[in-house]
Amino acid sequence: MIVLFGCAQPEAPPEQPPIEPPPEQPPVEPPPENESEQMLSYPLKGVSLSTRGDEYFVQFFEEAMEAGNMVMWAGDWMDIENEGAPIVVTELSSTYDYIPLVEVTYYTQGEGELIRPLTEENKQIYKESTIAFVEKYDPEYFVMGIETDIMYEKSPEDYEEFVVFYNEMYDEIKNVSPYTKVFTVFQLEKMKGCELWIEKSCNSSNSHWELIDDFKTDLVAFSTYPCLVYKNPADIPEDHYTEINEHVSKPIAFTENGWHTEAYPPGWESSEEEQAEYVERFFELTKDLNVEVTVWSFMYGQGTIQPFNTMGLRRPDGTAKPSWNAWIEGGE
């Protein structure tokens with residue numbers, strides 16, 4: 001689900017002709033009260049679908065409701081066609097009273113490779129399954145593309161093809177579900193020009209804020225993992241998040257957020273106490289932003305690479321880390 005960064009940094013992409021920016025989108029107005037079951041109170045806060053095992057599936061949703069009012073699923077776009085986890089997360093939202101956030105992707109962030117070619121046939125499957133999904137569920141949000149700027153670095157040609165397809169899909173979704181908020185996701189630290197695993201390496205000359213303008217979007221969304229750039233939460237600059245305001249006027253979403261708790265990698269050791277410190281600092285540093293959505297990447301650590309495997313707010317035995325209460329209380 002989550003971006004799997006390696007230590008090596010990609011070369012800068014070759015110079016590409018500019019993509020014609022889409023027309024400015026008007027803000028999405030909330031539906032009239034008789035067209036909405038509930039009027040939402042922002043910011044929404046939640047966790048991704050990250051159980052500690054199939055036998056704890058129900059327990060996950062019960063605990064997720066303590067963590068906020070949103071559950072996110074992120075994965076292969078084809079899972080909508082296959083009626084997999086995104087359908088389950090969406091349909092369970094009425095049982096457990098949360099807002100579902102479905103993110104579909106077409107490539108793997110770690111390798112920067114397409115899951116399957118963006119052929120006309122595959123794009124048609126993506127399109128038809130997505131339109132059927134939004135027609136049936138009328139979701140509050142729908143996300144296409146996870147850390148899209150990584151694809152720009154890895155394969156500019158595939159990125160450009162996706163931009164065209166995304167903007168076409170934006171219009172198609174709005175035609176059938178006008179109140180659904182549609183957006184893509186960028187990796188914040190990379191957008192700021194940071195080099196991962198190089199301390200305090202953010203350089204505005206390497207930033208890619210201009211990519212935001214390639215997309216029609218109702219929110220501007222980011223994943224954020226400052227532990228890949230800063231060794232301690234106290235080292236995160238005061239403007240690490242507020243810089244977003246210089247480039248964005250629309251509501252902001254943080255759809256992935258994390259800080260690890262293990263003594264790895266060497267030189268970047270962390271702890272449970274440090275993770276809790278980061279949670280508190282995140283809410284402090286973002287208090288002046290127009291944040292509509294914020295999601296912590298894992299409630300329980302998942303079987304992924306280090307250090308992402310220890311970013312859960314709760315331990316494998318089910319007990320809470322200090323960050324659990326910090327997250328619950330954050331932003332209040």
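A salt bridge is a side-chain nitrogen of Lys or Arg within 4 Å of a carboxyl oxygen of Asp or Glu. The model is predicted, so local features need pLDDT of at least 70 and side-chain atom pairs count only at pLDDT 80 or more, while totals for chains, interfaces and linings use all residues. Residues are numbered from 1 along each chain as its sequence is written, and side-chain values use heavy atoms, with hydrogens and water left out.

**Exercise 1.** Determine how many salt bridges there are, and describe the pair Lys123 and Glu161.

*Solution.* Step 1: the count is 14 salt bridges. Step 2: the closest N and O atoms of Lys123 and Glu161 are 3.6 Å apart. Step 3: Lys123 belongs to helix H4 (residues 120-137) and Glu161 to helix H6 (residues 156-176), so the pair ties together parts 38 residues apart in sequence; helices are DSSP runs (H or I, at least four residues), numbered from the N terminus. Step 4: Lys123 is buried at 12% relative accessible area, whereas Glu161 is partly exposed at 31%. Buried means under 20%, exposed over 50%, and partly exposed in between (1.4 Å probe, protein chains only).

**Exercise 2.** Identify the disulfide and state the accessibility of Cys194 and Cys202.

*Solution.* Step 1: a disulfide requires two cysteine sulfur atoms within 2.5 Å; Cys194 and Cys202 are joined with an S to S distance of 1.8 Å. Step 2: the count comes to one disulfide. Step 3: the torsion about its S-S bond is about 90°, so the disulfide of Cys194 and Cys202 is right-handed. Step 4: Cys194 is buried at 3% relative accessible area, and Cys202 is partly exposed at 28%.

Terms used
Helices (H or I, at least four residues) and strands (E, at least two) are DSSP runs, numbered from the N terminus.
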